[in-house]
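Subject: Handing over the structure

Hi,

Here is the structure I promised to pass on. Have it open while you read, and click on the residues as they come up.

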Amino acid sequence: MAGILILNHSLPTDMPRLFLISALILFCPSVCMAGGFRQDTLVRKVQLKDTTVVQAEEIYTREYLDTVSVASAHKINDYPMIGFEYGISGSQMLFNPTKKQQTLFTPRYFGVMFTKYGKMFGYMPYFGVSAGLFYGQDGYKTKPSKEGVYPTVDGAIQAVYDYVEVPVLAHFHIDAANFKLMVDGGFFGGYRLKVHRTGDGVPSEYIDSFYDYDRRIDYGLKGGAGFGLMFDPVEIHIMARVRWSESSLYKPDYNSAYYYRFANPLDVTVTAGLYFQLGKRKGRTKAELRQAAKEQVWPETSDSIKK
């Protein structure tokens with residue numbers, strides 16, 4: 001745009017001054033614009049494999065930064081909790097030889113559960129371990145044939161067993177802000193406390209008593225899934241679990257040394273639990289706050305302690 005006019009006569013003495021003023025007028029706006037534009041740039045340093053540091057500029061305008069939504073990180077601590085569960089059970093028996101039966105529903109299943117969350121490999125905050133003590137009922141209820149004949153077990157058409165158990169379960173959970181999904185599984189050990197049999201063929205002395213060949217020690221596998229609602233420091237858990245006993249109700253050879261008989265309980269329990277957090281679920285814990293305070297007051301001492 002700018003041109004230079006060459007005249008035959010000599011330049012005036014103040015021409016260099018005019019030339020300098022014109023150059024400043026032409027180039028100052030662009031310099032000012034560049035300086036203002038750099039206020040909206042981000043500088044990133046990239047560390048390459050050969051330890052060379054490359055400095056690159058990524059340009060973000062104010063308009064773009066206004067559209068970016070920033071969400072805070074959701075950190076779940078390794079906190080413990082204790083809770084009380086109550087529910088119902090639906091029981092059937094894995095008979096061998098098989099018998100026609102229907103589901104026996106019992107409304108007594110309750111207990112206490114302790115859970116400790118922890119990070120697998122130090123950084124995967126989805127795991128935990130649970131252990132508890134529960135009181136429950138299971139058993140069987142036979143189903144009549146078309147002729148109305150009930151199959152029996154030592155004269156009984158129905159039996160309800162009361163037991164206590166100690167489950168130890170591996171726990172997996174995925175947390176949102178106030179909601180989480182849970183899956184657990186493991187084993188249990190228990191003891192059959194008492195029995196109540198129903199049927200015309202049951203001897204009167206064994207209606208509420210065990211036979212000599214009955215097994216009272218119970219053990220097996222247990223697991224299930226559910227969800228939780230968090231109202232820190234209180235949680236409400238809804239769980240459905242399957243409980244399979246590997247301990248038959250009686251000795252397999254009690255009736256014959258050649259033809260074994262088995263009766264393994266298979267239960268489905270649905271429970272509602274009220275849990276109390278024994279530590280901080282989200283955010284910085286008291287131990288982390290104390291450590292941060294020590295690092296601010298005695299930074300050198302904190303570094304030596306870590307080492």
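Below is what turned up, going from the cores to the cavities and then to the aromatic rings.

First, some ground rules: this is a predicted model, with local features needing pLDDT of at least 70 and side-chain atom pairs counting only at pLDDT 80 or more, while totals for chains, interfaces and linings use all residues. Residues are numbered from 1 along each chain as its sequence is written, and side-chain values use heavy atoms, leaving out hydrogens and water.

**The cores**

In soluble globular proteins, nonpolar side chains tend to be buried together. A nonpolar core here is a set of buried Ala, Val, Leu, Ile, Met, Phe, Trp, Tyr and Cys residues joined through side-chain atoms within 4.5 Å. Buried means under 20% relative accessible area, exposed means over 50%, and partly exposed is in between (1.4 Å probe, protein chains only).

The largest core has 15 residues, and those touching the most other members are Met93, Phe95, Tyr140, Tyr161, Leu249, Tyr250 and Ala263. Strand 3 (80–96) and strand 7 (158–175) each give at least two residues to this core. Strands (E, at least two residues) and helices (H or I, at least four) are DSSP runs, numbered from the N terminus. There is also a second, separate core of 10 residues, with Met81, Tyr109, Tyr117 and Leu169 among them.

Take a look at Tyr161, which sits in strand 7. Tyr161 counts as buried because its relative accessibility is 3%. Its contacts (heavy atoms within 4.5 Å), not counting residues up to four places away in sequence, include Tyr140, Arg192, Phe210 and Leu249. Tyr161 and Arg192 are 31 residues apart along the chain, and their C-alpha atoms are separated by 6.6 Å.

**The cavities**

A cavity is a set of points, on a 1 Å grid over the protein atoms alone, where a 1.4 Å probe fits but cannot get out; lining residues have an atom within 4 Å of a point. A volume is the space filled by probe spheres set on the points, which are joined across faces, edges and corners.

How many cavities of 30 Å³ or more does the structure hold? Two. The largest has a volume of about 60 Å³, and its lining includes Met81, Glu85, His171 and Arg241. Strand 10 (234–245) gives three residues, the largest share of that lining. The second largest cavity has a volume of about 40 Å³. Among the residues lining this second largest cavity are Tyr140, Tyr161, Leu249 and Tyr250.

**The aromatic rings**

Rings of Phe, Tyr and Trp (its six-membered ring) pair if their centres lie within 6.5 Å; planes under 30 degrees apart are stacked, over 60 edge-to-face, and the rest tilted. The whole structure has 14 such pairs. One of them, Tyr79 with Tyr117, is edge-to-face, at 5.0 Å centre to centre and 85 degrees between the planes. Tyr79 is in the loop between helix 2 (62–66) and strand 3, while Tyr117 is in strand 5, 38 residues apart. Tyr79 is buried, with a relative accessible area of 1%, and Tyr117 is buried with 1% too.

Now try Tyr260 and Phe262: their ring centres are 6.4 Å apart and their planes are at 70 degrees, so this pair is edge-to-face. Tyr260 is partly exposed at 45% relative accessible area, and Phe262 is partly exposed at 29%. Finally, Tyr206, Tyr211, Tyr213, Tyr250 and Tyr254 make up one aromatic cluster.

Cheers

Conventions
1 Å grid on protein atoms, 1.4 Å probe; cavity = no way out; pocket = protein on both sides within 12 Å on 5 of 7 lines; lining within 4 Å.
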